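Reader: I am new to this structure. Could you walk me through how to read it?

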Amino acid sequence: MGREFLEVFTDWADSYDGFIEGAAEEYSRVFQRYDEILDEVVNRSGQTIIEFGVGTGNLTKKFLDKGKKVFPIEPSVEMRSIASTKLGELVTIHDGDLLDFPKPEISIDTIAHSFVFHHLTDPEKREALRLYHALLAPGGKMVYADTMFLTQEAFDEEIRKAEAANYLNLSADLKREYYPLIPNIQPFFVEQGFDVSFKQYNDFVWLVEAIKK
């Protein structure tokens, strides 16, 4: 369910914000246009949102700054602590993951997240979409940004570039997690009753908007 990677986030929590702000050259291309990507997730989302994998609360804060209601979910104790400090008493961050999570008492119109869906295997992605479809009314949507690739050749080329630059952490990350190919996951959305679109923001990250029919 993605919790297999919790140890990574335990180690990463204190340095995560500095990391995505460009402190690590190795990942600079992955997080290129980071704020713009999060802003687009916010702009495409509705007014009442479940956010999965809130991390240190960067996307959550943007939702709140726009006056939107957020039900935030995060499995890492360390990440929850940092996000709670950043967000203050504006929200309560709930323990949960992409598949096993508390359900909000209010109706929601959007399911959102950023840089987390790749923690799920393909069968788990399918199951997640089934759960999310059941939570949403027709016209509700799922909006998220994550690393994915249009072709296997593009995926392999990024691994090759990482290894050539001696970016061994990035190379290992690309090989370890479950980054999808868009032609492989697009049918998952169609099977579950979503109209889905993909928009590329850098060599790694695409924004996905899936609207329930």
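The dialogue below goes from the whole chain to single residues.

Author: Keep one thing in mind: this is a predicted model.

Reader: Where do I start? How many helices and strands are there in the protein chain?

Author: Start with the secondary structure. The protein chain has nine helices and six strands. Then look at the overall packing.

Reader: What share of the residues count as buried?

Author: Burial is read from relative accessible area, with under 20% as the cut-off. Here 53% of the 213 residues count as buried.

Reader: How do contacts relate to sequence distance?

Author: Take the contacts between residues at least 6 apart in sequence. In this chain, 66% of them join residues at least 24 apart.

Reader: Now a single helix. Why is α4 described as largely enclosed?

Author: Check its residues one by one. Helix α4 covers residues 58–65, and six of its eight residues are buried, so the rest of the structure largely encloses it. The buried ones are Asn58, Leu59, Thr60, Lys62, Phe63 and Leu64. Just after α4, look at the backbone: glycine 67 takes a positive phi of about 80°.

Reader: What lies between β1 and α4?

Author: A loop, and threonine 56 is in it. Threonine 56 has a relative accessible area of 1%, so it is buried. Its side chain makes a polar contact of 3.4 Å with the side chain of asparagine 58. Asparagine 58 is itself one of the buried residues of α4.

Reader: Is glutamate 209 buried or exposed?

Author: Find its place, then its area. Glutamate 209 is in strand β6, residues 205–212. The relative accessible area of glutamate 209 is 13%, under the 20% cut-off, so this residue is buried.

Reader: Which side chain does the glutamate 209 side chain make a polar contact with?

Author: That of arginine 44, at 2.9 Å. Leaving out residues up to four places away in sequence, glutamate 209 also touches others, including Lys141, Met142, Val143 and Asp195.

Methods. Residues numbered from 1 in each chain as written. Predicted model: local features only at pLDDT ≥ 70, side-chain atom pairs only at ≥ 80, totals over all residues. Heavy atoms only, no water. Helix = DSSP H or I, 4+ residues; strand = E, 2+ residues; numbered from the N terminus. Buried < 20%, exposed > 50% of the residue type's maximum accessible area, 1.4 Å probe, protein only. Polar contact = N/O pair within 3.5 Å; in protein donor to acceptor, adjacent residues only side chain to side chain. Contact = heavy atoms within 4.5 Å.
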